[in-house]
Amino acid sequence: MHLTSVGIRAIPAADAHRFPFSVPTIAHLGTLELTTPVTMLVGENGSGKSTLLEGIATATGLPTVGTDSTDRDPTLAHQRRLAQRLKLVWKRRTHRGFFLRAEDFFGFAKQVARLRAEMLERIAELEEEYRERTPYAKGLAQGPMRASIAELERSYGVDPDASSHGQSFLRLFQSRFVPDGLYILDEPEAALSPQSQLALIALIADGVAQSSQFIIATHSPIVLAYPGATLFSFDRTPPAPVAFEALDHVSLMRSFLNDPNAYLRHLMP
């Protein structure tokens, strides 16, 4: 364990009615005790789970998988104010790990693909520039870019923007999960098929075995089923631990799969 609890300090009266402090689960957060290596935040859209997760990520200063760091990302301005009010208690501080929002990854994949294309273009230019030089000289000139391309392809595939998002997600996790890290993930299931969500669970289990900690906001019953995870429901105020079987997400999904027509006949014209 790295991070052992997350609490909120007294909110100034001037901020009490401003987002994000106006969200009931944030205003009445109290203290979330993180007692297991995997913590899940679950709740309906707008319940505050992603807002808190982003505030935690900002407060930790972890690197992001995206275009901007948490201290510069314009979409996290409110979360930076929240981060200033959060109280994080550490058992062992780590700077390993990262923060990932699903929507940020799609832009990241485009960046990787663009960088690879630019390096391939430069290699082609050097091929022409060194046409009259020895193969050794040409190899020295092209070597650093070829090595960088090989590393990109090893980590993210030949073209992560062209690959399925699920494949790219899993490649990212496989290449970037390192031992003794803290990983803050917002809806990582967004691009993953059910089979790939099971693969993600296996990767998380490998990380836990290597002293890593995960804090995840998710809607996925598959991800929520991770054995031994602490589940905090943000459909309650204040957020409270809840058993997997008691989650509304789980009971609704189970009920729907048992009898889809019981739901669909009320929705279809």
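Modeller: L267 counts as exposed because its relative accessibility is 64%, where the cut-off for that class is over 50%. The model in question is predicted. L267 lies in the segment that follows α10, the helix of residues 260-264. Together with L264 and M268, L267 makes a nonpolar surface patch of about 320 Å².

Two further residues may be described by accessibility, and each also has a backbone feature of interest. In general, most residues other than glycine have a negative phi. D180, by contrast, has a positive phi, near 65°. The position of D180 is in the loop that runs between α6 (165-176) and β6 (182-186). With a relative accessibility of 25%, D180 counts as partly exposed, because the value falls between the limits of 20% and 50%. E187 likewise has a positive phi, near 50°, and is a residue other than glycine. E187 is placed in the loop between β6 and α7 (194-209). Its relative accessibility is 23%, so E187 is also classed as partly exposed.

The bond that joins F19 and P20 is cis, with omega about 5°. P20 belongs to the loop between β1 (3-8) and α1 (24-27). A cis bond also leads from T237 to P238, and its omega is near 0°. P238 is found in the loop that connects β8 (230-233) and β9 (240-241).

The lining consists of E44, H219, S220, P221, D248, H249, L252 and M253. Helix α9, which spans residues 248-258, gives the most to this lining, with four residues. By class, the lining of the largest pocket holds three nonpolar, three polar and two charged residues.

In summary, the requested part is the patch formed by L264, L267 and M268, with L267 exposed at 64% relative accessibility.

Notes. Residues numbered from 1 in each chain as written. Predicted model: local features only at pLDDT ≥ 70, side-chain atom pairs only at ≥ 80, totals over all residues. Heavy atoms only, no water. 1 Å grid on protein atoms, 1.4 Å probe; cavity = no way out; pocket = protein on both sides within 12 Å on 5 of 7 lines; lining within 4 Å. Helix = DSSP H or I, 4+ residues; strand = E, 2+ residues; numbered from the N terminus. Nonpolar A, V, L, I, M, F, W, Y, C, P; charged D, E, K, R; others polar. Buried < 20%, exposed > 50% of the residue type's maximum accessible area, 1.4 Å probe, protein only. Patch = residues over 30% accessible without salt bridge, like charges linked within 9 Å, V, L, I, M, F, W, Y side chains within 5 Å. Areas by Shrake-Rupley, 256 points an atom, 1.4 Å probe, with all protein chains shown as cover. Salt bridge = Lys/Arg side-chain N within 4 Å of Asp/Glu carboxyl O.
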